[in-house]
Amino acid sequence: MSKIQEWVYNLLVQMGLISENSSYLDNIVILLLIIAVTVGIDYSCRYIFLGMFKRLARKTKNQLDDLIVDRKIINKMMHMIPAILIYILLPFAFSAEETPKILIVLQKLCQIYIIAVSLRFINASLNLIHEIYNKKDSFKNKPLKGFIQILQVTVFFIGVILIISILINKSPVSLLAGLGASAAILMLVFKDTILGFVAGIQLSANDMLRAGDWITMSKYGADGTVIEVTLNAVKVRNFDNTITTIPPYALVSDAFQNWRGMSESPGRRIKRSINIDMNSVHFCTPEMLEKFRKISLITDYIDGKEQELDEYNEEHHIDSSIWVNGRRQTNLGVFRAYLVRYLRSLPEVSKELVCMVRHLQPTDTGIPIELYCFSSNKVWVEYEGIQADIFDHVLAVIPEFGLSVFQNVSGADLKNIIIKLPAGSQPSECF
């Protein structure tokens, strides 16, 4: 090495770039020459190798090499070449015998720069890995970003330890051993990060949450689509376009509702009831049954049910002159049968899932008749339209069965009553 240094020194003296009497100015000139040579080599490598890789990427159909070029991964890696060359060539400018302190300082700066560039290259490579796997269907909805971030934090932490070890001239192992004693402080500082990492593993392993899921979490005011799952936050775009940020560990420790099962099922549930005035429920008269037979959806039902009831009453010798004896159809029962057939006739209602009409517990506001079925169309806007159309029809058809909907008295109802009162009478006389 010393012979090479002496040869370079003599060559520079003969060229007149430095003087025979060594000085700091000569050392600076040599350093500038080293930097110029390394920069030239750097540009040559970029022009040759990077240009060659770009031409190769254009010819292949693989998207990986295109992403490497677009994200400038090779450029970030090549930034290490000048620093490595300068580190190797520094003894030519500042010898260890004459200027050891300057040489050590400059070499440490080179080492720190190499570590910083390496961290940047590793960080970009991890982001590229996340982008590649995020495009695959099998990994698209997995919370990979949290795992990538924990790797980035780990790499950054190791890089900082190496830089500190270079600055204080200590072994990285001894620094790590010293940090072990302060683990409690580190756990306090990185508490959210550690909890987020553990929660991310649980969310992924149990398939509890994916990007694109519709979730509801009233505690945090979240009701919308998950747009991002990171190490420290889960971002939810609510339906009013606001963004709610939830800590990942809150999704593990607290309860939240995930609507993915509904999205993946054959239909979305419709479950709504209408309160019927119990005073309007009564047995069907022959005239009413004849009217109901003209409704095409329940013609077969009326005939079949009447035959069944007649056979039962005859078999048990029922005195049909009294309405309460035996079995008879009611207008509410016929109405329920109509609703079931009406729902099943709609193309928007799923034929694979449950479809029924049932009674709920009667209350002081009437008897609730609940429609329980599933819409094949799960898109929110279309779903609400289908549900509204169904109940528009139900409300309109109720009077045809001699039934009435229970509704609390409003101010308009009282006003109509007063208008219809005979002249000279008092409103209190009507109640």
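A few questions and answers on this structure follow.

Modeller: First, the ground rules: this is a predicted model, where local features need pLDDT of at least 70, side-chain atom pairs count only at pLDDT 80 or more, and totals for chains, interfaces and linings use all residues. Residues are numbered from 1 along each chain as its sequence is written, and side-chain values use heavy atoms, leaving out hydrogens and water.

Biologist: How far apart are the end C-alpha atoms of residues 147-168?

Modeller: The unreviewed UniProt entry annotates 147-168 as a "transmembrane region"; such annotations may be inferred rather than shown by experiment. The span is 100% helix and 0% strand (helices are DSSP runs of H or I, at least four residues; strands are E, at least two; both are numbered from the N terminus). Its end C-alpha atoms are separated by 32 Å.

Biologist: Is valine 153 buried, exposed or partly exposed?

Modeller: Valine 153 sits in helix 7, residues 144-168. Buried means under 20% relative accessible area, exposed over 50%, and partly exposed in between, with a 1.4 Å probe and protein chains only. Valine 153 has 34%, so this residue is partly exposed.

Biologist: What is the C-alpha to C-alpha distance between valine 153 and threonine 193?

Modeller: The two residues are 40 apart in sequence. In space, their C-alpha atoms are separated by 9.4 Å.

Biologist: Why does glutamate 382 count as partly exposed?

Modeller: Glutamate 382 belongs to helix 16, residues 380-397. Glutamate 382 counts as partly exposed because its relative accessible area is 39%.
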